[in-house]
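Biologist: I would like to go through the charged pairs and one hairpin in this model. Can you put it up first?

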Amino acid sequence: MGENGERQAKERILEMVAEYCEQYLRQPEYREGDRIHYAARVYDSKEVCNLVDSALEFWLTAGRYTGQFETRFAEYLGVKYCTLVNSGSSANLCAFMALTSPLLGDRQVKPGDEMITVAAGFPTTVTPALQYGVVPVFVDVTIPQYNIDVNALEDALSDKTKVVMAAHTLGNPFDLAVVKAFCEKHNLWLIEDNCDALGSTYTMNGVQYKTGTIGDIGTSSFYPPHHMTMGEGGAVYTNHPLLAKIIRSLRDWGRDCVCSSGQDNLCGHRYDGQYGELPCGYDHKYVYSHLGYNLKATDMQAAIGCAQLEKLNDFVVARKRNHAYLFSQMLEMGLDQYFILPQACNNSDPSWFGFLLTCREGVDRNKIVQYVEKHNVQTRMLFAGNLVKHPCFDQMRAAGTGYRVVGQLQNTDRIMMNSFWIGVYPGMNRMMLDTMVRVIREGCEGI
């Protein structure tokens, strides 16, 4: 058949896949009474055709589409280096562990050092530090921004502090100007967990930046509910060449070699180097500069991500529009008498992940949530609420070791007791948004 015949056969297959998608893969239209999920995939034939194209190549591991995605995603963010990994949690693991590399000299993070963070969030922002033996130092958050309280940073500081790692909560940027200045003043690393905030921007010194790009390292998640998806997947990005090299090493088993999968001897010195106490000329593909992992995504995931990335700007616009509409309708319906409504951080333009509500005094969250869920509107808590109250902290809490708390975490506890959120994902239409507001209002009026 030859190359020309193979190309034509693939084109026919992809044309048939596109026809199938157009005819049979339409995402169902919302009808009154249907369940309104807080998130859902939004896609078309482009994602499926990319997936089939990748499958026909049967490379399976990181390959052509992975390289395309890393390049295009870095361009979207405006950063120099991007590494695709298999989840947002792996992205956080890679980001934190990169700071433990001996290549960083006296800025290397070591066991016993401290990391300032918050307890009102997702556990895998904190897990890598705990697993490595770094002490998380939890500070409170603000309401109604739901982000790290920058007024507590100096109180949290000690001579062991090396890192600040925090998430932009539900798409709302934390006060990056203050946090960045604090980190620069005390020579600290800053990791932005950007998993819920892709497309958010923050203006600093007259320049607008995408969140995740102001700190030393940023992370993203491509799990289906997030701003874009490839099923499972994540990314780690930075402007620092050394950090980028360390991140790539940690993702790829900790090896020193930078050759891509299936590539040999890119540097031309595969057999003439001296590393550690290995014999001179030991095969560089099997030299390990870090104790790493295999956190690569597959090329099939990256293929989906390439198609999703083309839609990302539209997704962000839709999320902002849906959030703004919910806000206006809740004000119009007087729901601000029952709830504290969310507020964007100054100097920011959030790409919202959800619409967060905190019940005012005397309003029973449990009753409202149960009513809303019973009437087919899906809700979520703000993840852990207060992470240190969870069973995974039982032993540390009992022993009084492993972490520190600054202050009383009063707002964190209030969120744990009184907050919940609903979705704003791009697939929502006006009828769905109106239904959510109506159901929440009915739940309040029945109190």
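**Salt bridges, a hairpin and a buried arginine**

Biologist: What is the relative accessibility of arginine 438, and how does this residue count?

Modeller: This is a predicted model, where local features need pLDDT of at least 70, side-chain atom pairs count only at pLDDT 80 or more, and totals for chains, interfaces and linings use all residues. Residues are numbered from 1 along each chain as its sequence is written, and side-chain values use heavy atoms, with hydrogens and water left out. Buried means under 20% relative accessible area, exposed over 50%, partly exposed in between (1.4 Å probe, protein chains only). Arginine 438 has 33% relative accessibility, so the class is partly exposed.

Biologist: Which residue forms a salt bridge with arginine 438?

Modeller: A salt bridge is a side-chain nitrogen of Lys or Arg within 4 Å of a carboxyl oxygen of Asp or Glu. Helices (H or I, at least four residues) and strands (E, at least two) are DSSP runs, numbered from the N terminus. The closest N and O atoms are 3.1 Å apart, and the partner is glutamate 442.

Biologist: How many salt bridges does the structure hold?

Modeller: One of them joins aspartate 252 and arginine 251, at 2.7 Å from N to O. Both of these residues are buried. The total is 22.

Biologist: Aspartate 53 forms a salt bridge with arginine 64; how far apart are the closest N and O atoms?

Modeller: Aspartate 53 lies in helix H2 (residues 45-57) and arginine 64 in helix H3 (residues 64-77), eleven residues apart. Aspartate 53 is buried at 9% relative accessible area, while arginine 64 is partly exposed at 39%. Lys10 and Glu57 join both in a network of salt bridges. The closest N and O atoms are apart by 3.0 Å.

Biologist: Which residue in S7 is the bridge partner of methionine 204?

Modeller: Two strands pair if DSSP finds at least two bridges between them. Four bridges join S6 (residues 201-204) to S7 (residues 207-210), and the strands run antiparallel. Two residues lie between the strands, and asparagine 205 takes a positive phi near 55 degrees. The partner of methionine 204 is valine 207.

Biologist: Is arginine 255 buried or exposed?

Modeller: Arginine 255 lies in the loop between helix H8 (241-251) and helix H9 (299-332). Its contacts (heavy atoms within 4.5 Å) include Ser249, Lys285 and Tyr288, not counting residues up to four places away in sequence. Relative accessibility is 6%, so arginine 255 counts as buried.
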